[in-house]
Amino acid sequence: MSTVHRLEESLALVFLAIATSMVFLSGISRFLGQPLGWSIDLATFCFAWAVFLGADVAFRQDRHVSVEIFVQRLSKPWQRAIKLLNLCLIALFLLALLVYGSEMTYATRFRTFQGIPELSYAWVTLSVPVGSLLLLTTTVGKIRQLLKENPA
């Protein structure tokens, strides 16, 4: 596993842990009558990044949910063709997310969090194009690997 992949996995875990902790801390503090206005904002930021980084980690390890009951009944060449088609559709979707996510990030550059006014909301929306780019890189790698395999 490369250094970038290990860093990505570690960041996804850290962001998920922080998001979970912030939601829990927010609930406890609200119960005690001292709500923390910034905790949910920080949880939102961390969760957005955890989702996209974690999606790439899971996709790279083929751990996403898939329904293959019908595809497995087909011949190997057809299975390969359907897998290639799926990967191409995923790549197109990720390209759209990359474009529209970049536009969204630009559009939210002046929006700030209510509880953390110093932090631009663009840092949250930036997770969409960055995560999409990471996922697109993984998808292209999977397409290249599939095309290199000997169709049997």
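Let me begin with a definition: a crossing of two helices is called left-handed if the near helix is turned anticlockwise from the far one by less than a right angle, and right-handed if clockwise. Please keep in mind throughout that what you see is a predicted model.

With that term in hand, consider helix H3, residues 76-107, and helix H5, residues 127-148. Their axes come within 8 Å and cross at roughly 160°. Since angles over 145 degrees count as roughly antiparallel, H3 is therefore roughly antiparallel to H5. As for the hand, the crossing of H3 and H5 is left-handed. What classes of residue make up the contact of H3 with H5? There are 18 nonpolar residues, together with 5 polar and 3 charged ones.

I turn now to another pair, helix H1, residues 3-31, and helix H2, residues 39-60. Here the axes lie 7 Å apart, and the packing angle is about 145°. H1 also passes H2 in a left-handed crossing. The contact of H1 with H2 divides into 18 nonpolar, 4 polar and 4 charged residues.

A residue of H1 deserves a comment. Leu13 is located in helix H1, and its relative accessible area is 55%. The cut-off for an exposed residue is over 50%, so Leu13 counts as exposed. In sequence, Leu13 and Cys46 are 33 residues apart, while in space their C-alpha atoms are 10.0 Å apart.

The largest pocket holds about 840 Å³ of space. Its lining comprises 27 residues, and those nearest its centre are Ser66, Glu68, Lys83, Asn86 and Leu87. Which elements give two or more residues to this lining? They are H3 and H5, and H3 gives the most, with 10 residues. By class, the lining of the largest pocket has 13 nonpolar, 6 polar and 8 charged residues.

The second largest pocket holds about 170 Å³. Among the residues that line this second pocket are Arg60, Asp62, Lys83, Thr138 and Gly141. Which element gives the most to the lining of the second largest pocket? It is H5, with 5 residues. That lining has 1 nonpolar, 3 polar and 5 charged residues.

Asp62 lies in the loop between H2 and H3. Most residues other than glycine have a negative phi. Asp62, however, is not a glycine and has a positive phi of about 55°. Is Asp62 buried or exposed? Its relative accessible area is 58%, so Asp62 is exposed.

Finally, I return to helix H3, where Tyr106 is found. Tyr106 counts as exposed because its relative accessibility is 56%. How far apart are Tyr106 and Leu126 in sequence and in space? They are separated by 20 residues in sequence and by 8.8 Å from C-alpha to C-alpha.

To close, let me recall the two helix pairs: the crossing of H3 and H5 is left-handed, and H1 passes H2 in a left-handed crossing. Thank you for your attention.

Note on methods: Residues numbered from 1 in each chain as written. Predicted model: local features only at pLDDT ≥ 70, side-chain atom pairs only at ≥ 80, totals over all residues. Heavy atoms only, no water. Axes fitted to C-alpha atoms, helices over the stretch in contact; angles between N-to-C directions. Helix = DSSP H or I, 4+ residues; strand = E, 2+ residues; numbered from the N terminus. Parallel < 35°, antiparallel > 145°, perpendicular 65-115°, else oblique. Nonpolar A, V, L, I, M, F, W, Y, C, P; charged D, E, K, R; others polar. 1 Å grid on protein atoms, 1.4 Å probe; cavity = no way out; pocket = protein on both sides within 12 Å on 5 of 7 lines; lining within 4 Å. Points joined across faces, edges and corners; volume = space filled by probe spheres on them. Buried < 20%, exposed > 50% of the residue type's maximum accessible area, 1.4 Å probe, protein only.
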